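I opened my notebook beside the structure. These are my entries, in the order I looked things up.

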Protein chains: 4
Amino acid sequence: MPKNKKIGILTGGGDCPGLNAVIRAVTKSAHENGYDVIGFKDGFKGLVENDFIELTDCMVSNILTQGGTILGTSNTANPYRWAKKDKKGNLIFEDLSEKAISNFKKNKLEALVVLGGDGSMAIANDLVNDGLSIVGVPKTIDNDLPHTDMTFGFNTAVRTATGAIDKIHTTAQSHHRAMVVEVMGRYTGWIALYSGVAGGGDIILIPEIPYEIKSIYKTIKERKENGKNFTIIVVAEGAKPKGGDLTVRKVIKNSPDPIRLGGIGMKLANEIEENTGIESRATILGHIQRGGVPTPFDRVLATRFGVEAVNHVLNKRYGKMVVLKNNEISSVLISSVTSEVKNVPKNYSLIKAARAVGTCFGD
Amino acid sequence: MPKNKKIGILTGGGDCPGLNAVIRAVTKSAHENGYDVIGFKDGFKGLVENDFIELTDCMVSNILTQGGTILGTSNTANPYRWAKKDKKGNLIFEDLSEKAISNFKKNKLEALVVLGGDGSMAIANDLVNDGLSIVGVPKTIDNDLPHTDMTFGFNTAVRTATGAIDKIHTTAQSHHRAMVVEVMGRYTGWIALYSGVAGGGDIILIPEIPYEIKSIYKTIKERKENGKNFTIIVVAEGAKPKGGDLTVRKVIKNSPDPIRLGGIGMKLANEIEENTGIESRATILGHIQRGGVPTPFDRVLATRFGVEAVNHVLNKRYGKMVVLKNNEISSVLISSVTSEVKNVPKNYSLIKAARAVGTCFGD
Amino acid sequence: MPKNKKIGILTGGGDCPGLNAVIRAVTKSAHENGYDVIGFKDGFKGLVENDFIELTDCMVSNILTQGGTILGTSNTANPYRWAKKDKKGNLIFEDLSEKAISNFKKNKLEALVVLGGDGSMAIANDLVNDGLSIVGVPKTIDNDLPHTDMTFGFNTAVRTATGAIDKIHTTAQSHHRAMVVEVMGRYTGWIALYSGVAGGGDIILIPEIPYEIKSIYKTIKERKENGKNFTIIVVAEGAKPKGGDLTVRKVIKNSPDPIRLGGIGMKLANEIEENTGIESRATILGHIQRGGVPTPFDRVLATRFGVEAVNHVLNKRYGKMVVLKNNEISSVLISSVTSEVKNVPKNYSLIKAARAVGTCFGD
Amino acid sequence: MPKNKKIGILTGGGDCPGLNAVIRAVTKSAHENGYDVIGFKDGFKGLVENDFIELTDCMVSNILTQGGTILGTSNTANPYRWAKKDKKGNLIFEDLSEKAISNFKKNKLEALVVLGGDGSMAIANDLVNDGLSIVGVPKTIDNDLPHTDMTFGFNTAVRTATGAIDKIHTTAQSHHRAMVVEVMGRYTGWIALYSGVAGGGDIILIPEIPYEIKSIYKTIKERKENGKNFTIIVVAEGAKPKGGDLTVRKVIKNSPDPIRLGGIGMKLANEIEENTGIESRATILGHIQRGGVPTPFDRVLATRFGVEAVNHVLNKRYGKMVVLKNNEISSVLISSVTSEVKNVPKNYSLIKAARAVGTCFGD
């Protein structure tokens, strides 16, 4: 009896709500088409080490609503630059891509579905160039991948950030404070912009629009003069002043996550209190933005992406990454996504809308 | 000193999460441009009776997150067909449109912003034909207005429906039951489709795809044979069997809301239990789908709509309804929206994706 | 090598948020004490049919937050009155308690932990009288079990009901309607009382206080005269008028769940609209009150109950049901819980507090 | 015509979910009894400066679900130690209690209801000693006030903290990390303990049980050996190592909130990563724990407190603070609450239950 054809799947990079929904959709849709599915553990690490599990219907039942990834993930495992320590304890890098490629073949994979951000897509592209049949699925809560209108996880991150801003509002009003909420976004301001508008933030600071600190002081003072003695500032972790940068980030060495510690949020709260005399507090949301039950929107988008990835396998359309474009699912070359970041355009319509309701962007 | 120019605003039809966010955006954005804003109470009723309040910054502060409408609404008030009772107590209709028109002029309105669904847009269109300067903002939790990719309120309704399906899942699994969840959608299946996919519904029934009851029994039995001894059926209130219709709706006379009572959900649960022997229960979500804190997505969309409505006033682009098209805000003629309903296309990509993961549509 | 001692566990009756948290606590705590744990499937059915699984640490990982029960449950399986059909298709009852007892012994159980409501406790008590070592854990979202201040699941049900009332509020206000919200509680008004007070219900109707319909009309009219043109009525499904009962429940025969259909909520909305002229709508929450992620309070209470159940096994304190009494966990004889229901006392302090803020109880 | 008698109310100290529910209950219940209510702004500041508003039914409508306090609050305003700057800019303190007392009399107050924590109760007690008729209502999200089983706000804070731990879980599992979640509690571990148990925290660190860092490393390593390659550590901000203290808190001078910056959470994540080699991240929840829609439990408790405060006024029972004791509302002398903090007892039953399911407390 002939065996079923087989698809592999792996999740790379930071975890993101909706990954499990994609895994479920790929598995169910592949099974409907007579394919088996194996899932490599911990991103490309599982591919290099041939560490995988077979994904059954039962295993993907109930995971639609779960955050994270049942396959595990790894931010660092790169078959082409495998980190190990030499005898002296120094980090050296090895090319183990042959192992990855031979495991693909050993498992008689029809194709490999790679879920990941720009880093994972760069690796996927190298594997495509080395002859593997790969379909990419974009993943980033930051929404900064080009060529796709939206990535799953973003909507959920915005929900969590907005929920936090909603909570902060009552303290700001009750205490007449300036409250700074630092949200994710090292290079782009998508989460800050959307959660800032949704949460009614008075000032929104994003990396794409370097801010003038005096403009922030002025807004806070003007609000006070108009009887609004509180201000909500939503700031992307990568926001920065005009011409400046943030040295405070380096204060504590060996921090596991230095950018969180005394980052832009804390700096701003300090500066605002010192210069306006208005009591200020910072909240740094951090990893809770990556977690939680995905929103219905993200579950739907993830399901559509997963189904389309299998469609690509069925039609042997490899080297492509599925995308959302004008409400429909299509795809682009994986090679086209690796070299750029999708920034918030300075004249983006939502920025204009936010300005129209009085939001200050610090410029 | 010259007085400010003035914009009027009213909300018509059923309430919908995001109405207040539009009212806030219109008010704030109008104020930024030097306009005053007055809000008519209870839809067109306030326009006919000249019952309004001036909307201050303070009044729209804190309403971004509130469901409903601070202006009140009315499903029935139509200036052109004003219902009243004659001496014998019979309902008769009067044309009070002149009152509406004269109140517009008496208040020296630059323009009137009308938030509403197809019914309100039909009235708005009549007023446009009678010479008033009007900008429409589409509102329906059902998402069935043509020409706009999405309406605010829909995303929130889908969140609530999906949340209910998530809750029902545990009972279904623990009790090995078929659980029917009836969601809103008298004419279209948008809420059922999106919440059904997001909630992992096994069977989704929508008005656009009349169902074959035997196909439903078959799916439930096959699931049981495959070891899945529970089934989630998500059904739009307007779903109907092939060639048939629902007489059960008329069982209890004088019901305030007959469609909710013994509607399709209850009927299906009855039929499934009788014909498959599997214990079945129905949940009818009803009005909770209209309420609650709007999702961040709906707050953002409502804000964009409100700002664009004011932009239209600033540019004297009247007789238009703002819409979302391919992620950008534009507008269409109000006259173009009144005559049709936006159905879920039978070959809609999300239906195909749902089928690909094994969802049954009863056909 | 001596085998570990073994504890059995089963969940009976309707599902309830927190069951899995108890299963987890019993399993983890038993393992810490060197016991193995087996879980019988679908309540007493699994005990009669010797259908069980061994509960490993891995299996109870991640279930703390899940509604329902991973063991499945059954409302009807009673070893002493086992339902089957005779040749003519009539339902007859058999006593299979010997099977249950022999399976207890065959599995060399040290003890059996029974999670359930009054029905399950009655069975548990019979098994105790037949010599089995049993510890009971009370379970009912209705909170109507005597001897315990609170049962897990109740807090979660109140959260869900209150959330629905919150959502209904915006529609009531926007449309100037009377909105009836029917919540669970066939015999007692705990959920209605707590969610009614928490949700700011204007009228709360519970089985313990039969209502006078005229008192309801009066409240609604007085509110309108005081400028509050909406009213929220929270009603337990078992509420009834003074001296009367509800025939409307029987309207549709063979309904899988007749009490939900045209029950008290629908009846009230009809009556209110007809007699006050105020537009009225009913929402029947139904099964969503049984589902969902348990609240932190319920997870904590369930964990404490589970741990104490194992403590009882360790100390051979059998025939007891663990309870919460004045914030501490203790236990009572299982025999003491089977014959009564814990009603809301008419002079209960929370009823007095609700009256003090103007709530009408229809009396 | 005789004027109504009058009650004053103010909210002091940090904001807390449920304050508005108390304000609403006091106002509604006072109105039902024929009293007027005035609310002083920003805590004792409003009393000293005679800055107040009259609380109407309309103003307290809709605030039951709102976090914060519509009256505003102040952490620092103390009539007996009024901070001002002398000519040289140094902070000096003045006794303005006579103003507070004379404003009480000028407004012909029957009584003053003071909502606050230990600081506000100390001031209230001084005012009682100076002859004012005062009823206290306990408020602290930390739950550390003696004589009351629970304070409102605590349940909501635990909900928010538990929700964050739930979200963090998926990242921890997907990335095989140790995730540290720092929750509020400078002096007591109530929030950490309850949210830690509810969220399934593997390690819970509270101020009452100084920890041994090696015990933490050991737990993490043992979990890894047992196949659980992630660990959740829930830590109260005031937790500290045995015999040690935290110098890292002082790293950045002039921080508006130094304890949040590089506090215990960050320190632990650093230490764990360095010493176990397991990737570690910290999340500091901060002010979001103070905000948000209060849970139904807190709304009910706040309503009961508010009603009982008015009962005390009706019965002229002054100098008392209302409390929750064994599920009933009673009261204690305000003087009895000012000198102690309610710690988590080391042998508290919930700590024992947590240990029983394998939770490590670092000792």
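Helices here are DSSP runs of H or I with at least four residues, strands are E runs of at least two, and both are numbered from the N terminus.

I noted that the model is predicted: local features need pLDDT of at least 70, side-chain atom pairs count only at pLDDT 80 or more, and totals for chains, interfaces and linings use all residues. Residues are numbered from 1 along each chain as its sequence is written, and chains are lettered from A and ligands numbered from 1 in the order in which they are written.

Next I looked up the helix itself. α5 of chain B covers residues 118–129 and reaches 16 Å from its first C-alpha to its last. That is close to the expected 16 Å, which is 1.5 Å times one less than the number of residues.

Which residues of α5(B) are buried? I listed Ser120(B), Met121(B), Ile123(B), Ala124(B), Asn125(B), Leu127(B) and Val128(B). Buried means that 20 or more other C-beta atoms, placed from the backbone, lie within 10 Å of a residue's own; 12 or fewer means exposed, and in between is partly exposed. The buried residues pack against several elements of chain B, including α2 (44–49) and β6 (109–116).

Then I turned to chain A. Its domain 1 is 5–152 + 294–336 and its domain 2 is 158–290; the bounds come from an automatic or database domain assignment. Their centres, taken over C-alpha atoms, are 34 Å apart. Eight residues of domain 1 of chain A contact nine of domain 2 of chain A, where contact means C-beta atoms, placed from the backbone, within 7 Å.

Key
Two residues are in contact if their C-beta atoms, placed from the backbone, lie within 7 Å.
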